[in-house]
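Biologist: Please take me through one part of this model closely. I would like to know what sits in it, what it touches and how it joins its surroundings.

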Amino acid sequence: MPVPPESNAYSVRSFYTPLPGSAQGTKHVPDIAGQGPSHFADYVATGSPFSALKKIDGAQASHGETLRRIFASGLRGCGGSHMPLADKWQAALPHRPRYLVVNGMEGEPYTFKDYLLLRDYPEVVLEGIAISCALLGIREAYLVINGAYDACRGALEKTLAKNGTLFAQFDIRIIAGPEVDLYVLGEETALLNYLEGRRGEPRPKPPYPHEQGLWGRPTVINNVETLSWLPLLLTSPGLFDGSHPKLVTLLGDVARPGIYEVTLGERLPALLQRAGADNIAFVEVGGISGGLLPADLLDIAYEDEALRPLGLQVGSGTLRVFDASRDPLDEMRQAVEFFKDESCGRCTPCRVGTQELARFVGNLSGNAADSEALHWLQRVAHAMAYTSTCGLGRAAPAPLLTYLRHFTDTLDD
């Protein structure tokens, strides 16, 4: 069986253009911290890490009953798609999955929720991985982390070594991603290609990873945050009772930037006030793959159902606040250029579409765009949304479309 490449053993074409403050080819990692109380901090403080895993290992908890509890919780994927965990696992179980791949690449700029978990709560991350392996009947797991997250790798390896007996039945490997931080590796099949030593680009579907994944074997792929909720969910039954907790990276023109635990459905103004956000002009919702929202439209619930009609989504769980000194046109341009450079180039809608979006933005005269150009833009965005191989192409038009919709009079609702 091939061994997954280490970060310095695999070269891949770079489409990466560093954002301000970043070194060439790497993700800039600020001194980010958790803000306010969190269930993760409480769980570690009680000295109870691994208690849920020990119950499963000790046959104190039926695997079937534990699965039912997890499925009933409504836990959704926290990597951006928000697909219910139950849907993904129930599709995989009949195929008897061989591998678990945990995506900690977190290649989206300004997003650090997984970084915080990997660095400060490695025991919770690893417990969630081990619980998943036990319930899915998997022995081999690959945790792939961003190549810029050096501090996290040390914490994870130390935790594994310290608790060797507990993890002995599982082969959990920690893999550092490529030195060039590729956004596209957040897509699950692109990550599988990277692990196999191939070029990091998405695969056509079907077959889906739970049918033919890593090295052609059934594979389950989940985000770091998603699996980190499992130990807490199993030890605190009321945690998901009528709510869904979520980690959010909150940055920008705020007094207290950092990672916050929120409940999906909270009103967005109350959430921003926690970080000391004053003089808000606009907010980037959903990370760089989300979109822009002006201050006069902020009084909505922070959940996909409320955001979707505005062309937005929770996405990577990032909120960036901008005060009146910032220009939404500049932020939108930066996002469009990012996607142009990050497209892997595999599929025509994304490869050509991201170039065309950048060309459109370059031709924008102030806030104006003529009707013919807007009609063309909507056709391009529609084609990208419905025919791109992966989420990068589908998300790329969002910053531009939300800018035109909410900051100009040129695009109707």
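Modeller: Helices (H or I, at least four residues) and strands (E, at least two) are DSSP runs, numbered from the N terminus. On that basis, Leu-185 belongs to the loop between β3 and α8 (188-195). This is a predicted model: local features need pLDDT of at least 70, side-chain atom pairs count only at pLDDT 80 or more, and totals for chains, interfaces and linings use all residues. Residues are numbered from 1 along each chain as its sequence is written, and side-chain values use heavy atoms, with hydrogens and water left out.

Stay with Leu-185. Its relative accessibility is 0%, so it counts as buried. (Buried is under 20% relative accessible area, exposed over 50%, partly exposed in between, with a 1.4 Å probe and protein chains only.) Neighbours within four places in sequence aside, Leu-185 is in contact with Asn-103, Met-105, Pro-178, Ala-190, Leu-191, Tyr-194 and Gly-200. (Contact means heavy atoms within 4.5 Å.) Cys-344 is 159 residues away from Leu-185 in sequence, yet their C-alpha atoms are 9.6 Å apart.

Now the sheet that β3 belongs to. Four strands form an open sheet in the order β3-β2-β1-β4, with parallel pairing. (Two strands pair if DSSP finds at least two bridges between them.) The edges are β3 and β4 (219-223); each has a single partner strand, so one side of each lacks a neighbour in the sheet. On average, neighbouring strands here are turned by 20° against each other, direction ignored. (Angles run from 0 to 180 degrees between N-to-C directions; axes are lines fitted to C-alpha atoms, for helices over the stretch in contact.)

Take the strand pairs next. Strand β2 (residues 140-145) is joined to strand β3 (residues 171-176) by 6 bridges, and the two run parallel. Ile-145 stands opposite Ala-176 in β3. From β2 the chain passes through helix α7 (residues 150-162) to β3, a right-handed β-α-β crossover. (Right-handed here: with the strands pointing away from the viewer, the path from the first strand over the helix to the second runs clockwise.) Strand β1 (residues 99-104) is also parallel to β2, again with 6 bridges. Gly-104 has Ile-145 as its bridge partner in β2.

Helix α9 (residues 224-235) packs on this sheet, touching β1, β2 and β4, and its direction makes about 90° with that of β4. Of its 12 residues, 11 are buried, so α9 is largely enclosed by the rest of the structure. Among the buried ones are Trp-229, Pro-231 and Leu-233. Asn-223 caps the N-terminal end of α9, with a side-chain oxygen 2.9 Å from the backbone nitrogen of Glu-225. (A polar contact is a pair of N or O atoms within 3.5 Å; within protein, one must be able to donate a hydrogen and the other to accept it, and residues adjacent in sequence count only if both atoms are side-chain atoms.)

Leaving out neighbours within four places in sequence, Ser-73 is in contact with Leu-233 and Phe-240. Ser-73 lies in helix α3 (residues 63-73) and is buried at 13% relative accessible area. A polar atom of its side chain lies 2.5 Å from the backbone oxygen of Ile-70.

Helix α9 also reaches a second sheet: it lies across β5 and β6, at about 135° to β5. That open sheet has 5 strands in the order β6-β5-β9-β7-β8, with mixed pairing. Its edge strands are β6 (258-263) and β8 (291-294); each has a single partner, so one side of each is left without a neighbour in the sheet. The twist averages 30° from one strand to the next. Helix α5 (residues 113-120) packs on this sheet too, touching β5 (245-252) and β6, with its direction at about 110° to that of β5.

Last, the loops around these elements. Glu-106, in the loop between β1 and α5, has a phi near 40°, a positive value in a residue other than glycine. Glu-106 is buried, with a relative accessible area of 9%. In the loop between α8 and β4 sits Trp-215, whose phi is also positive, near 50°. Trp-215 counts as buried at 19%. Pro-206 is in the loop between α8 and β4, and a cis peptide bond joins Lys-205 to it, with omega about -5°. The bond from Pro-206 to Pro-207 is cis as well, with omega near 5°.
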